[in-house]
Amino acid sequence: MQVRDNLQEFMSEVKKYQREIDDLMRRKMPVLAGRIAVNHIQDNFRKSGFVNNGLHPWKKSNREIYGGKSASGNYGTLLSARNHLYGSTKYIPGDARVVISNEVEYAAIHNWGGSVSPTVTPKMRKFAWAKFYAIGGKKDQPVAPDAGFWKNLALTKKSKLNIRIPQRQFLGESLELDDAIRNKIDDELDKILNG
C-alpha cells in the first residue's frame with residue numbers, strides 16, 4: 001500500500017512539472033545545446049585539434065612549420081585574420097532538436113580531408129608572383145620555403161594541380177561535447193524540480 005501511495009505521489013509531482021520539462025526539452029534545450037556545440041567546435045580551432053575522448057591534434061600547416069615574414073605566419077592551423085571558417089559554424093534550433101553546420105564551401109574538405117585539382121590560370125600565376133614578392137622573395141636568390149611555394153606555383157608548367165588537404169576535423173561526434181550537453185540537461189532539470 002505504501003509503495004502505491006509513493007508512486008501516485010511521484011506521478012503527481014511529475015505531472016506538475018511536465019509542462020516546464022516539455023518546454024525545456026522542446027524549446028530551451030536545443031538553443032542551449034547549440035550554443036554549447038558551437039563553443040566546443042570553436043575551441044577545437046583554438047586548440048588546433050579535434051576534442052573527442054581527448055585532443056587529437058591537427059597536422060601543422062606549412063606556414064606554422066616553416067614560419068615566414070607575412071602576418072599569416074602568426075595564426076594557428078585553419079585560423080586567419082578573418083577567421084571565416086572558425087566563425088561560420090552555426091546552430092539551427094528546432095522542436096526538440098538542433099542542427100549544427102558550417103556551410104563555408106571548403107569546410108568539408110578540411111573536416112574530412114581529400115584532394116582538390118584546380119586549374120592553373122594566368123590570374124593564379126600573377127597572384128603567386130605577388131605573394132612571392134610580398135614575402136620578400138627575389139628571383140635569383142635562395143628563398144624561404146613559403147616563398148619557394150609561391151615561386152614554384154608561378155613557374156609550374158602544369159595546367160592542373162593536385163593538392164592533398166589533410167583531415168583537420170573540427171565538427172563531428174565528441175564524447176566531451178555529449179557530456180557537456182548531458183550536464184546542462186541535468187542542471188536545467190534540477191532547476192525545475194528543485195528550484
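Student: How many salt bridges does the structure hold?

Tutor: Please keep in mind that this is a predicted model. Side chains of opposite charge can pair when their charged atoms come close. A salt bridge requires a nitrogen of Lys or Arg within 4 Å of a carboxyl oxygen of Asp or Glu. The number of salt bridges in the structure is nine.

Student: Which residue forms a salt bridge with Arg26?

Tutor: The closest N and O atoms of this pair are 2.5 Å apart. Arg26 lies in helix 1, whereas its partner sits in the loop between strand 3 and strand 4, 69 residues apart.

Student: Is Glu188, which meets Lys28 in a salt bridge, buried or exposed?

Tutor: The N to O distance in this salt bridge is 3.0 Å. Glu188 belongs to helix 7 and Lys28 to helix 1, 160 residues apart. Lys28 is partly exposed, with a relative accessible area of 41%. A residue under 20% counts as buried, and because Glu188 has 4% relative accessibility, it is buried.

Student: Why are Asp43 and Lys47 separated by about one helical turn?

Tutor: Asp43 and Lys47 form a salt bridge, with their closest N and O atoms 3.1 Å apart. Both residues lie in helix 1, and the separation is about one helical turn because they are four residues apart.

Student: How many aromatic pairs does the count come to?

Tutor: A pair of aromatic rings is described by the distance of the centres and the angle of the planes. Centres must lie within 6.5 Å for rings to pair. The count comes to eight.

Student: What is the angle between the planes of Phe127 and Trp150?

Tutor: Phe127 is in helix 5 and Trp150 in helix 6, 23 residues apart. Their ring centres are 5.7 Å apart, and the pair is edge-to-face. The angle between the planes is 80°.

Student: What is the relative accessible area of Phe132?

Tutor: Phe132 pairs with Trp129, and the ring centres are 5.5 Å apart. These two residues are three residues apart in helix 5. Phe132 is buried, with a relative accessible area of 0%.

Conventions
Residues are numbered from 1 along each chain as its sequence is written. This is a predicted model: local features need pLDDT of at least 70, side-chain atom pairs count only at pLDDT 80 or more; totals for chains, interfaces and linings use all residues. Side-chain values use heavy atoms; hydrogens and water are left out. A salt bridge is a side-chain nitrogen of Lys or Arg within 4 Å of a carboxyl oxygen of Asp or Glu. Buried means under 20% relative accessible area, exposed over 50%, partly exposed in between (1.4 Å probe, protein chains only). Rings of Phe, Tyr and Trp (its six-membered ring) pair if their centres lie within 6.5 Å; planes under 30 degrees apart count as stacked, over 60 as edge-to-face and the rest as tilted.
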